[in-house]
Amino acid sequence: MARVEALVIGGGATGAGVARDLALRGVEVLLLERGDFCNGASGGNHGMLHSGARYAVKDPGSAADCASESRVLRRIAPYCIEDCGGVFVSLPEDDPTYPDRFERACKSTGVVYSPLTVQEARGIEPELSPEIRSAFSVNDASLDPFALVLGNMESARDAGAKVLNYKSIQSFKVGRGSIDEVIFRDAVTGEADKVKPEVVVNAAGAWAGELAAMARVKLEVQVDKGTMVVIDGRHTRGLVNRLRSPTNGDIVVPNHSSTIIGTTSAPMSRPGPACATKEDVQELSQQATRICPSLAKGRAVRAYAGIRALSPAATGRDASRGYQVVEHSRQGVDNLVSILGGKLTTYRLMAEKTADLACLTLGSTRSGRTAQAPLCEDEGEPHLEGSLQMYSRRIWRKYGPGREKVLAACAQRSRGTEVVCSCEQVLLGELEHFAAHPDVRTLSDLTRRTRAGMGYCQSGMCALQALSSLASRTEQDPKRMLEEFLSERWKGLSPVLEGDQLRQEVLKRYLLTGTYHLSIREGGC
Amino acid sequence: MLRELPPIKVDALVIGHGASGLMAASALASQNNNVLVVGKGATATSMSTGCISYIRKDILRQERGAIDLEALARSVHPFNDIMERGSLALEEVLLQVSSFFQRSLSDQGLEMTDDAFHFFDMLTNAGTMYSCSIAPSFTASGRLDRLREGSLALLGIEGHRDLDPRLVAAMCAGHVDGVRVRPYWRKLDCMGHGGMTATEAAARFKNGGTQELIKTISDLEEDSVAIPPLFGLQSVHKGMSELCSESEKNVFELVTPMSLPGLRLQDAMERSAVGHGCHLMKNHLVTRLEVKRERAVSALIETPTRRQAVSFNSLILATGDLVGGGLALAGREVVDPFSTFKVGWFGKTEPLPGQTRYDAAMRQVVEAGYLVTHEMRLMTKEGRPFENAFGAGSTLASFSFPTGVGLGGELLTAWIAAEYAKEGS
Ligand SMILES: Cc1cc2nc3c(=O)[nH]c(=O)nc-3n(C[C@H](O)[C@H](O)[C@H](O)COP(=O)(O)OP(=O)(O)OC[C@H]3O[C@@H](n4cnc5c(N)ncnc54)[C@H](O)[C@@H]3O)c2cc1C
Ligand SMILES: Cc1cc2nc3c(=O)[nH]c(=O)nc-3n(C[C@H](O)[C@H](O)[C@H](O)COP(=O)(O)OP(=O)(O)OC[C@H]3O[C@@H](n4cnc5c(N)ncnc54)[C@H](O)[C@@H]3O)c2cc1C
C-alpha cells in the first residue's frame, strides 16, 4: 500500500495552502479533495482580500491577521489580485457612533485607513448614494479565489506534492492512538483505494467535524450559509463596504466583468448543499442598492451560496472569523491535525501554522517559506506576435503558475485564438488546454479554470463549444455532461430570473433543451 | 412627429408573421379574403431548426400508430377540446393542414419530398430540405437507416460555427449503429477569415457549390458526408445536387442548434403567403387594439415614423411566445401586452412523455399564454369568448416549444383559427 508522509484532506484554499507549504519544506504530501478544487467555501465567497477593516471593531484578532496577510498575498500572488482599493460608507439609518469606533479599532489593529469627506468618497466612487454620511478609504482588494487555489495546487505540484481531485475520504482505520490507514474513493468511477499516512491534516472546512468523527474524535463546527449575487457589469471602481456592524448585504465587490454583492449569514444544522434562495437575493439587492443605487439597474446574472465553518463559541455574525488549529493527541489520536475557520485572506497564515504542527508530528523542524516564495515567478509577460499579442496580457494576468502553457496552447492550436465565450473573452486555446488537463472531468471544472460560462449569458453560447473540447477526451456521455452542467448553471439562475433575462433564458432553453432534448434538473436544493 | 396615414379596412388582420400567422393568412387569402399580415422582429420560426412534427400525411394514413393522437390530444390543450367538442375532426384537420402546407411550400421551391424524411418517421424538415438531425434523442429513436452501413464524415468548415464536427461526433457516439463517424475540420479559402453566419454563407454559395468545396468533399474517404447548412432557399436544390453528383457521395446538411435553418422556412412561408395574395407589412408593430364588448374592431399599426389605423372583420393574433416577443413579462408574470385578452396557464399540464420537466416557475412562464376556446376564440378578461378574434400558434397557453408541440401545433392551430375566422369575414 502507498505510504505518504502527510495526507491533506480538502481542496479549498486552506488545504491547498497546507499542501504547498509542506511540499516547500520538503515533506512528501498527498492532497485529496472530494469534488473539484474550490468545492466548498473557497468557491462560494465574494473574493474579497480583506484589509481587516470589516472586522476591526468586532474581531480585532482577525482584523490584524487580515491586515498583515493581505500584504503578504499582494507580494506572493499578485496575479490573482486586482488592487482596486475600497471605501467604507455609512447611511443615515446606520449607528452614528460606529465611524468613531471604526477609526479607533483600525488604529489599534494596524489596519490602514484614511477618512474621506462625502465629496471625496463620491469622487472615488461616483455611483455611491448621495445619502452617505461618513466615509473612509481602506486597502481592500478583489481576489480571484479560483485562480488563488488552483495556483497553490500547481505550485504544490511543482514542489513535488501529489494533488488529486474527485477523491472522497470514506473512512479511517484507527489503530493504537493514530490513524493507520485512510480509505478513499474516486467520486466519478467509484474505485476505492487506500493510503498509509504518517500525519493527516483535516482541512475539510465545514465538513471538518465529519472527518474528525471518522477518527472517533469530537470536533465542534458551526456551519453557516452565506449568499452572494452576481450583477452584470462593474458598477464601482473598487470595493464598497457598509460602515456599520457587519450585517446582510454590506459588501460590493467588482470582480472580472461583474459586480458581486454579499452576503447573508444563516446558521445551518449540518453541512450540505448550499443554495441561494429568492428571499436571499431580494434582501441583498435591497441592501446593496441603498449604498449604490445603480445596482438596481444592473442585471442579476446568478446567485450562489457558500458555507463557512465558524469557531463554535458564538453563532452567525457574532462568531469570530479567526481560526483554530486543533491537535487531537489529547483526544487520543496522535497524527491528526484539524484546521477550522479563518478567511480566504488568511489562508496562508493558517496553512503555515497547521504545517508547523504537522511537521512537529513528523519530527521535522524545517520552517515554512510561503511568506516569501511567490506562487509564480514574475518574469514579465512574454512578447508575442500576431493576434495573440492582444490577448496575452489578459491571459498572463488571469492564470498563475503554468500560464506560459496556456499561452502556448492558444498560439499553437488551430483556431487557438478564436473567442469562444464572448462574455468573458475566453479563447478556444484556453478551453482546449484545460480540457486536456487530467484534473478536468466536467464542464463546470472547465468553467472554474477558464471562466467560460460565468458571464452575462451564463454559458448560453459557449456550453456546446466547451463540450466539444472536453467530450473528445473523456469516456463520459457528453449529453449527460451537458445536462449536469446546465443544471448547475440553472441552480444559480433560477433565484434571479425575471423580465428580459427570463426571456433570454427561455430562448437558451429552446436552443439547448429543445433541440438536443436535454433534461435539466429542477432548480436548487 | 408620427405621420398619420389614412385608415384602411381589410377582411382579416393577422398580427405576427411567424409560421402560425403566415399559415392562417395563407389559408384565409386562398379563399379570397383580403388579408393583411403585420409583423415585427425576428420570429421564433426563423430561429428554429424547422423540424415539423404531427403533420406528415402519409404517416397519418399508413402508420397511424406512429403518432399517438390520443396522447397528443389528452396532453395538449386545446386539442382535447377539439377532439371532444369541436365540429372538426382532428385527424381530418391534420390532413388538410399538411396537404395545404406541402403544396404551399413546393410552390416556393421547398419540396417536402421523401428526401426530407430520411432519418425519421415523425419529423419532416421543410426548413432544411435535406435530412436533418443531430439531436441525439432523435437519432436514437429514429433512423439513420440509409447509413446502416458505411461511413459518415462530419465536415466542419472553419469560420462556420453551425457544425462543430467533434461535438456532433461526441453527441452521436453510441447512437449510430455500425456507422463509423469521423469528424474533420477543413478550411475553405472561399469562406475567407473569421466567423460566418448561415445568412452570410447563403450569400457566398448563391451560385451553387464551389470547386473547392467539391474537392474537399471528394477527398474524404467516407461515402457519406455531412456539411453545415451553406445554401439559401434559392440555391439549396441546385447546390446540394451539384455537391452529390460531382463528389459522387451522399452529401447532406446537418442541422445543429447553432444553425438557423428556420430562415428558409420563414422565407418560403412569407413568399407563399404573398403568393396567395396576402399583403405583408414587415417591420410594423401593432401597438393598440380597439375592442367593443366581444368584438375587436380596429388596430393601430406603427413604425418609428408612421402610424395607421386598420379596421377588420376578423382578427388573428399570432404574435408568438416569449421568445417571439408576443407576450410581455411583469417580473415573472406573463401578461397580455394589449391588456385586452385573457392570459393563463394550465397548471396541471403534465409534460409529454420524455419531455423536460421544468422548474415550476420556468414551466409556468414558458407555458403561459392566451387562453382560447376549442374554436381558437380569444377570451375577454372575464372569460367570455370573442366573436371575431382568434389566437394561433405559440402565443397560446401551453403551445410553446419545447413543452408544447412546436411548428406542427402552430400550423394546426392557425388552420383552425382561419377556419372559424372565415365564417366571420
Ligand atoms: C458567503 C461567504 C463569503 C466569504 N467571503 C470571503 C471574502 O470575501 N474574503 C475572504 O477572505 N474570505 C471569505 N469567506 C471565507 C472563506 O471563503 C473561507 O474561509 C475559505 O474559503 C475556507 O477555505 P477552506 O479550504 O478552509 O474550506 P473549503 O473551501 O470549504 O474547503 C473544504 C474542502 O474539503 C472538502 N471535503 C469535505 N469532505 C471531504 C471528504 N470526505 N473527502 C475529501 N474532501 C472533503 C470539500 O469538498 C471542500 O472542498 C467567505 C465565506 C463565505 C461562506
Ligand atoms: C432555436 C429554436 C429551435 C426550434 N426548433 C423547432 C423545431 O425543430 N421544431 C418545431 O416544431 N419547433 C421548433 N421551435 C419552436 C417553433 O419555432 C415555434 O414554436 C414557432 O416558430 C412559433 O411560431 P409562431 O408563428 O407562433 O410565432 P413566431 O414565429 O415567434 O412569430 C411571431 C411574430 O410576431 C411578432 N409580433 C409579436 N407581437 C407583435 C405585434 N404587436 N405587432 C407585430 N408583430 C408582433 C413577433 O415579433 C414574432 O416575430 C424552435 C424554436 C427555437 C427558438
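# Exercises on a predicted two-chain model

**Exercise 1.** At 18% relative accessibility, does A:R308 count as buried or exposed? Find also the residue whose side chain meets that of A:R308 in a salt bridge.

*Solution.* Begin with the cut-offs, by which buried means under 20% relative accessible area, exposed over 50% and partly exposed in between (1.4 Å probe, protein chains only). With its 18%, A:R308 therefore counts as buried. This is a predicted model, in which local features need pLDDT of at least 70 and side-chain atom pairs pLDDT 80 or more, while totals for chains, interfaces and linings use all residues. Side-chain values use heavy atoms, without hydrogens and water, residues are numbered from 1 along each chain as its sequence is written, and chains are lettered from A and ligands numbered from 1 in the order in which they are written.

Next, look for the partner: a salt bridge requires a side-chain nitrogen of Lys or Arg within 4 Å of a carboxyl oxygen of Asp or Glu, and A:D224 meets A:R308 at 2.6 Å, N to O.

**Exercise 2.** Describe the order of the open sheet of three strands in chain A, and say which strands stand at its edges.

*Solution.* The order is β3-β8-β4, with antiparallel pairing. Because β3 (48-49) and β4 (81-82) each have a single partner strand, one side of each is left without a neighbour in the sheet. Strands pair if DSSP finds at least two bridges between them, and β4(A) joins β8(A) (residues 141-143) over two bridges. At residue level, A:E82 has A:S142 of β8(A) as its bridge partner.

**Exercise 3.** Classify the ring pairs A:Y98 with A:F102 and B:F205 with B:F231.

*Solution.* Rings of Phe, Tyr and Trp (its six-membered ring) pair if their centres lie within 6.5 Å; planes under 30 degrees apart count as stacked, over 60 as edge-to-face and the rest as tilted. Over all chains there are nine such pairs. In one of them, A:Y98 and A:F102 are 6.4 Å apart, centre to centre, with 35 degrees between the planes, which makes the pair tilted. Both residues are buried, and they are four residues apart in helix α3 (residues 98-109) of chain A, about one helical turn.

Turning to chain B, the ring centres of B:F205 and B:F231 are 5.9 Å apart and their planes stand at 80 degrees, so this pair is edge-to-face. The two residues are 26 residues apart, with B:F205 in the loop between α9 (198-204) and α10 and B:F231 in the loop between β7 (224-227) and α11 (236-247). At 0% relative accessibility B:F205 counts as buried, and so does B:F231 at 3%.
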